[in-house]
Amino acid sequence: MATPQQPAIVRDLGHLSYEAALGIQHQTIEEVAAGALDTLLFVEHDPVLTLGANFHQDNLLFTPEEYKEKGIQVITTDRGGDVTFHGPNQLVAYPIFDLNRHGRDLHKWLRGLEEVTILTLKHFNLEGY
């Protein structure tokens with residue numbers, strides 16, 4: 001049985017450093033956990049490599065100092081994943097949703113988010129996969 005769709009807030013943060021956007025994410029996480037509406041943040045970052053919880057040093061092509069010389073920050077984060085690059089003209093989406101409101105199944109929720117993204121791209125005659 002389908003459940004009614006829950007409203008969500010969509011915020012365009014514009015162009016922000018990774019650290020500034022991370023601060024907004026942490027604040028938004030607290031708000032959503034306290035009962036605020038689920039929120040989807042969109043942002044464009046300055047060039048940055050984030051090193052996630054599953055980071056492997058051999059996946060970096062250069063040293064952190066060499067990245068700095070190229071104008072790319074290197075930031076260690078507690079997020080999952082390995083190495084991720086974010087940079088100009090790349091739209092990054094940070095969904096901050098309380099999964100207790102969405103069936104508590106992270107993998108099902110992520111597959112739904114993926115499907116919505118693919119369908120949205122299709123609407124604009126772009127192929128997503």
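Modeller: Start with one term. A pocket is an open set of grid points with protein on both sides within 12 Å along at least five of seven lines, and its lining residues have an atom within 4 Å of a point. Keep in mind that this model is predicted.

Colleague: Which residues lie nearest the centre of the largest pocket?

Modeller: They are P95, F97, W109, G112 and L113. The space inside is about 1200 Å³.

Colleague: Which elements each supply at least two residues of that lining?

Modeller: Four do: α1 (18–33), β2 (38–45), β6 (92–96) and α3 (106–123). Helix α3 gives the largest share, with nine residues.

Colleague: How do the lining residues of the largest pocket divide into nonpolar, polar and charged?

Modeller: There are 19 nonpolar, ten polar and six charged residues.

Colleague: And which residues line the second largest pocket?

Modeller: Read it the same way. Its space is about 160 Å³. Its lining is Y18, T50, G52, T77, R79, G80, G81, D82, T84, H86 and Y94. Here two residues are nonpolar, seven are polar and two are charged.

Colleague: What confidence does the chain average?

Modeller: The general idea is a caution. Where pLDDT is low, the predicted coordinates should not be read in detail. In this chain the average pLDDT is 91, and 97% of the residues score at least 70. Among the elements, α3 has the lowest mean, 92, and β2 the highest, 96.

Colleague: Now the fold. How many helices and strands does the chain have?

Modeller: Three helices and six strands. Their order from the N terminus is β-α-β-β-α-β-β-β-α. The C-alpha trace spans about 55 × 40 × 30 Å along its principal axes.

Colleague: How do I read strand pairing, and in which sense do β1 and β2 pair?

Modeller: Look at the sense and the bridges. Strand β1 (residues 8–16) runs parallel to β2, with seven bridges between them. One place to look is H15, which stands opposite E44 in β2.

Colleague: In which sense does β2 pair with β6?

Modeller: Antiparallel, over five bridges. F42 has A93 in β6 as its bridge partner.

Colleague: Is β2 enclosed or open?

Modeller: The cut-off for buried is under 20% relative accessible area. Six of the eight residues of β2 are buried, so the strand is largely enclosed by the rest of the structure. Across the 129 residues of the chain, 25% count as buried.

Colleague: Which strand pairs with β3 over four bridges?

Modeller: Strand β4 (residues 73–76) does; it pairs with β3 (residues 48–51) in the parallel sense. L49 has V74 in β4 as its bridge partner. From β3 the chain goes through helix α2 (residues 64–69) to β4, and this β-α-β crossover is right-handed.

Colleague: Let me try single residues. Is G80 buried or exposed?

Modeller: Apply the other cut-off, where exposed means over 50% relative accessible area. G80 has 60%, so it is exposed. This glycine sits in the loop between β4 and β5 (83–86). G80 is also one of the residues lining the second largest pocket.

Colleague: How many residues along the chain separate G80 and D12?

Modeller: They are 68 residues apart, and their C-alpha atoms are separated by 24 Å. H26 and I96 are 70 residues apart along the chain, with C-alpha atoms 9.6 Å from each other. H26 lies in helix α1. With a relative accessible area of 42%, H26 is partly exposed.

Key: Residues numbered from 1 in each chain as written. Predicted model: local features only at pLDDT ≥ 70, side-chain atom pairs only at ≥ 80, totals over all residues. Heavy atoms only, no water. 1 Å grid on protein atoms, 1.4 Å probe; cavity = no way out; pocket = protein on both sides within 12 Å on 5 of 7 lines; lining within 4 Å. Points joined across faces, edges and corners; volume = space filled by probe spheres on them. Nonpolar A, V, L, I, M, F, W, Y, C, P; charged D, E, K, R; others polar. pLDDT = per-residue confidence, 0-100. Pairing = 2+ DSSP bridges. Right-handed = clockwise from strand over helix to strand, strands pointing away. Buried < 20%, exposed > 50% of the residue type's maximum accessible area, 1.4 Å probe, protein only.
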